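Welcome, and thanks for taking a look at this protein with us. Below is a short walk through some of its helices, loops and backbone details, so keep the viewer open as you read.

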Amino acid sequence: MKKILFLEDDENLNRGISLKLTKEGYQVFAARTVAEAKRLWEEEDVDMVITDINLPDGSGLLFGSMVREKSDVYLIYLTALDTELDEINGYDSGADDYITKPFSIQVLTQKVHARMRRIEGKEKDILHSGEIDFSLREMQVKRGRETVALSKTEIQLLRCLMENAGRIVSKETILEQVWGFDGQFVEENTVAVNISRLKSKLGVDCIANIRGLGYIWTEHVTGKRS
């Protein structure tokens, strides 16, 4: 079971996110102060750290910097500080991701899922599903022995879906992971058009549209070494 250290001083938000991530199958170590988070950090071998920045007994940035000095564990800031300078400071302190409040818990959860899948598959550089083999090292997709010619965007879209196989991926999550940020400069039907094109090129029926919710890769995906 993958472990997450979650530092958030707001009691309700701390409880809500901890419960959500626990239900998703993670072991969550929740802290509301920097001191408590430091203790948990020393005691537990965690796979991910999610931390607020403004905390009652110190700075989440300093805590994040300490984490980064000691480990390459995935680090996410979850904060109300939303200026460009705040975000730059967050990344400068070692963040892998910077999420501003208010935010979608579902998007956060999908980000966690995607990262944990990559952690689990560090030594497995091929995603396999039915007839499809996706080499993450070469960024190449094959159906059987035939190479499928995909654009860079289609490659990223396929990766997003396959790494979340069996889970509904919202349009917002796809826009953020494939096109970057919130897709604010992307046409309204861009996701649907690219999904349709990807399905046509793959020639398999593994992508389903769950009306009003998003898209899902319906087949089982496994990882293997090339």
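## Two crossing helices

Let's begin with α7 and α8, which are roughly perpendicular to each other because their axes cross at roughly 75°, and an angle from 65 to 115 degrees counts as roughly perpendicular. Please keep in mind that this is a predicted model. Helix α7 covers residues 171–179 and helix α8 covers residues 190–202, and their axes come within 10 Å.

Which residues of the two helices meet? From α7, they are Lys171, Ile174, Leu175 and Trp179; from α8, Thr190, Val191 and Asn194.

Next, have a look at Glu8, in the loop between β1 (3–7) and α1 (11–23). Is Glu8 buried or exposed? Its relative accessibility is 1%, so Glu8 counts as buried, the cut-off for buried being under 20%.

The side chain of Glu8 has a polar contact, at 2.9 Å, with the side chain of Lys101. If you set aside the neighbours within four places in sequence, the residues in contact with Glu8 are Leu13, Asn14, Ala31, Arg32, Asp52, Leu78 and Lys101.

Lys101 also takes part in a backbone feature: the peptide bond from Lys101 to Pro102 is cis, and its omega is near -5°. Pro102 sits in the loop between β7 (97–100) and α5 (105–120).

## Helix α1 from start to end

At the start of α1, Asp10 places a side-chain oxygen within 3.1 Å of the backbone nitrogen of Asn12.

Which residues of α1 are buried? They are Asn14, Ile17, Ser18 and Leu21. These residues cover an arc of only 100° around the axis, and therefore they are on the same side of α1. Asn14 is also one of the residues in contact with Glu8. On the other side of α1, Asn12 and Lys23 are exposed. After the helix comes Gly25, with a positive phi near 105°.

## The buried face of α2

Helix α2 (residues 34–43) has its own set of buried residues: Val34, Ala37, Leu40 and Trp41. Why do they line one face of the helix? Viewed down the axis of α2, the buried residues fall within an arc of 125°, so they line one face.

What covers these buried residues? The cover includes the strands β1, β2 (27–31), β3 (48–51), β4 (54–55) and β5 (58–59), together with helix α3 (60–70).

Met139 lies in the loop between β9 (132–135) and β10 (140–143). Its phi is near 50°, which is a positive value in a residue other than glycine. With a relative accessibility of 30%, Met139 counts as partly exposed.

Arg145 can be found in the loop between β10 and β11 (146–148). Arg145 has a relative accessible area of 85%, so it is exposed, the cut-off for exposed being over 50%. Arg145 and Asp133 are twelve residues apart in sequence, and their C-alpha atoms are 9.2 Å apart in space.

Terms used:
Residues are numbered from 1 along each chain as its sequence is written. This is a predicted model: local features need pLDDT of at least 70, side-chain atom pairs count only at pLDDT 80 or more; totals for chains, interfaces and linings use all residues. Side-chain values use heavy atoms; hydrogens and water are left out. Helices (H or I, at least four residues) and strands (E, at least two) are DSSP runs, numbered from the N terminus. Buried means under 20% relative accessible area, exposed over 50%, partly exposed in between (1.4 Å probe, protein chains only). A polar contact is a pair of N or O atoms within 3.5 Å; within protein, one must be able to donate a hydrogen and the other to accept it, and residues adjacent in sequence count only if both atoms are side-chain atoms. Contact means heavy atoms within 4.5 Å. The arc is that of the directions from the helix axis to the C-beta atoms. Axes are lines fitted to C-alpha atoms, for helices over the stretch in contact, and angles run from 0 to 180 degrees between N-to-C directions. Angles under 35 degrees count as roughly parallel, over 145 as roughly antiparallel, 65 to 115 as roughly perpendicular and the rest as oblique.
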